[in-house]
Amino acid sequence: MEAGIVGLPNVGKSTLFNALTAAGAEASNYPFCTIEPNVGIVPVPDPRLALINKYIACKTILPSALKLVDIAGLVKGASEGQGLGNKFLSHIRAVDAILQVVRCFVNEDVTHVDGEVDPIRDITTIETELLLADLQQVEDSIHKAQKLARGGDKEAVARVAVLELCQKALAAGQPVRSLTLEDEQQKLVKGMGLLSAKRILYVANVDEGNLQGEGPLVDKVRAHAAANGGEVVVVCAKIESELAELEEADRTEMLESLGMKEPALASVARAAYHLLGLQSFFTAGEKEIRAWPVPVGATAPQAAGVIHSDFERGFIRAEIYSVSDLDQFKSEAAIRAAGKLRVEGKSYVMQDSDVCHFLFNV
């Protein structure tokens, strides 16, 4: 699953990406500095991995991960070709969710493309460009679909109906994600890669003196998110970038001095994970303990398929217990002896914190 980072130039977007992925994207105080997107893999911190390892020794611990795409700073008029225009809009059509970095700090040394800091204006600028880009795409697609629909193509008829719903919403300034669509309609929309259909997380970038995100700038972002079904995470990208460069002991010392239990980036990764509708199940053995991402509502065979397609194709059953069971009984043998090891079949719906052994035959 992928998430794309968007934002105006000079909001701290690439600094945040650097800290999240250590992929070396260059932060710059100039608009349009990045043409091709930077891509990195972001581990999702999960304390349950250490808890499992407390009772099951292993050689390797692997957290779940997200693919993160950082694109060029958007500017007003991007949908019409301003700045890098559609060159970067196309990069985020394939992602599953959007992280919008919003500047919530004042610093005279870091210029703002519109002169002064106003997070709601910035959010509106970005969202307007995404809406306009979608509207152009939808209007272009309608003509093609209508031609096919007149020829009796049933899929085209359904596509026209969905496109018309999207067109009406976009023309009224409403994102496609605000529409109530049936399952088949949602599949059609997802296949179109519409930008305003994607779930969104607002990352409020604050300065070093406001790590809790207090004050009017962040409050405005929180109010906007609450009114529009979004979520907010507060970070100081500058501090997070510094923390990411430190050794573990030094990082711990710095966190303590700041009164933080963990880097704020851990909250960003987890929030993005949940934004994508994901939960984790685990596999555990002598070789490795690993967290695997799976959509909420996935069945046991689908979860097995995340590990390997053969596991899903030849699925027989799954032996499952929870992390809390392991914490209570201290070992898999004790869980089995207590009758807490569950045997689940193809219809089982996975639960967050399941620890699984899959049995399959191909």
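## Largest cavity

The largest cavity is lined by Leu20, Val42, Leu66, Leu68, Leu99, Val268, Ala269 and Ala272. On a 1 Å grid over the protein atoms alone, a cavity is a set of points where a 1.4 Å probe fits but cannot get out, and lining residues have an atom within 4 Å of a point. This is a predicted model, in which local features need pLDDT of at least 70 and side-chain atom pairs count only at pLDDT 80 or more, while totals for chains, interfaces and linings use all residues. Residues are numbered from 1 along each chain as its sequence is written, and side-chain values use heavy atoms, with hydrogens and water left out.

The volume of the largest cavity is about 40 Å³, taken as the space filled by probe spheres set on grid points joined across faces, edges and corners. The search of the whole structure finds 1 cavity of 30 Å³ or more. The lining has 8 nonpolar residues, no polar and no charged; Ala, Val, Leu, Ile, Met, Phe, Trp, Tyr, Cys and Pro count as nonpolar, Asp, Glu, Lys and Arg as charged, and the others, Gly among them, as polar. Strand S4 (65-70) and H10 each supply at least two lining residues, and H10 gives the most, with 3. Helices (H or I, at least four residues) and strands (E, at least two) are DSSP runs numbered from the N terminus.

## Nonpolar cores

The largest nonpolar core has 57 residues, and Leu16, Leu20, Leu68 and Leu99 have the most contacts inside it. Helix H10 (residues 264-275) contributes the largest share of this core, 8 residues. Apart from this core lies another of 16 residues, including Val138 and Leu188. A nonpolar core is a set of buried Ala, Val, Leu, Ile, Met, Phe, Trp, Tyr and Cys residues joined through side-chain atoms within 4.5 Å; buried means under 20% relative accessible area (1.4 Å probe, protein chains only).

Beyond its neighbours within four places in sequence, Leu99 is in contact (heavy atoms within 4.5 Å) with Ala3, Gly4, Ile5, Val6, Leu68, Leu201, Val203, Val268 and Ala272.

## Helix H8

Ala237, Ile239, Glu240, Ser241 and Leu243 are buried in helix H8 (residues 237-244). These buried residues pack against helix H1 (13-21), strand S6 (199-205), strand S7 (231-235), helix H9 (248-258) and H10.

Technical notes
Buried < 20%, exposed > 50% of the residue type's maximum accessible area, 1.4 Å probe, protein only. 1 Å grid on protein atoms, 1.4 Å probe; cavity = no way out; pocket = protein on both sides within 12 Å on 5 of 7 lines; lining within 4 Å.
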